[in-house]
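Dear colleague,

I am handing over the structure we spoke about, with the sequence alongside. Please have a look at it first; my notes on what was found follow below.

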Amino acid sequence: RIVAGYQEWGNILAAQNTATSRKFQDLDASLLADLRLLQGDCNDLSVVLDAIASKRSQHPEVDDKELQSRRDFVATVKQNAEEMLNRISSPEVRSTIETHRRQAASDPSSRAREAVNDNEAFLRNQQMRQQHLVRQQNDQLDQLSGVAQRLGYTAEVINVELESQKQLVKDLHTEVDREQDKMNHVLKRVNVLLQTNDNKQLCLI
């Protein structure tokens, strides 16, 4: 969707006066917002993949080949997003858009002036929407960060408890083995005393 919109945005930029094209204004605003969000998502994914790489033993379901493949994919998407965003927000493109706006504003046609006014109002609304989306994303990231911290603390507590339980089980096995050795020793002595090796007979006694 972003790639198709970017191509259409470029076609309109090259062939039309962007100030009188509502479609261009829509694409320009939405692409700027979507690409910035996509960059943020790529950065978040990179952090997750780095965390997986630093704790390979805890993620056996993701082998080295799969991890590298995901890293390459995120890097490619991030690079493409940066290239598109750099062009859209470049001084050259912004200058062209401003030139189109001035040309349309000076057009004696009332229709052209109305189009400029409408597009400027639309652009202001889109900018406000972008700012709202950025604030919303920041709030969500803060919430996710808090959840991740709490989950990390919980995981540490669970890990400590599991290690404690493992040690208890190990100690129990050791104690059982020790008592079994004692029992075997006692049975052997009883066998000697009774001059028999028949355990069934011992049980009857």
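Against which helices do the buried residues of α3 pack? In this model, which is predicted, they pack against α1 (2–15), α2 (22–54) and α4 (91–105). The residues of α3 that are buried are Leu-67, Val-74, Ala-81, Met-84, Leu-85 and Ile-88. The helix itself covers residues 64–88, 25 residues in total, and its span of 36 Å from the first C-alpha to the last is close to the 36 Å expected at 1.5 Å a residue.

Turning to the nonpolar cores, the largest one has 16 residues, and those with the most contacts inside it are Tyr-6, Trp-9, Leu-13, Phe-24, Leu-31, Leu-35 and Ile-88. At least two residues of this core come from each of α1, α2, α3 and α4. Apart from it lies another core, made up of six residues, including Ile-52, Val-62, Leu-67 and Val-74.

Ile-88 deserves a separate word: leaving aside residues up to four places away in sequence, Ile-88 touches Tyr-6, Trp-9, Asp-28, Leu-31, Leu-32, Leu-35, Val-93 and Arg-94.

Finally, there is the loop between α3 and α4, where Ser-90 is found. Ser-90 counts as buried because its relative accessibility is 12%, the cut-off for buried being under 20%. A polar atom of the Ser-90 side chain lies 2.8 Å from the backbone oxygen of Arg-87.

With best regards

Terms used. Residues are numbered from 1 along each chain as its sequence is written. This is a predicted model: local features need pLDDT of at least 70, side-chain atom pairs count only at pLDDT 80 or more; totals for chains, interfaces and linings use all residues. Side-chain values use heavy atoms; hydrogens and water are left out. Helices (H or I, at least four residues) and strands (E, at least two) are DSSP runs, numbered from the N terminus. The expected span of a helix is 1.5 Å times one less than its number of residues. Buried means under 20% relative accessible area, exposed over 50%, partly exposed in between (1.4 Å probe, protein chains only). Contact means heavy atoms within 4.5 Å. A nonpolar core is a set of buried Ala, Val, Leu, Ile, Met, Phe, Trp, Tyr and Cys residues joined through side-chain atoms within 4.5 Å. A polar contact is a pair of N or O atoms within 3.5 Å; within protein, one must be able to donate a hydrogen and the other to accept it, and residues adjacent in sequence count only if both atoms are side-chain atoms.
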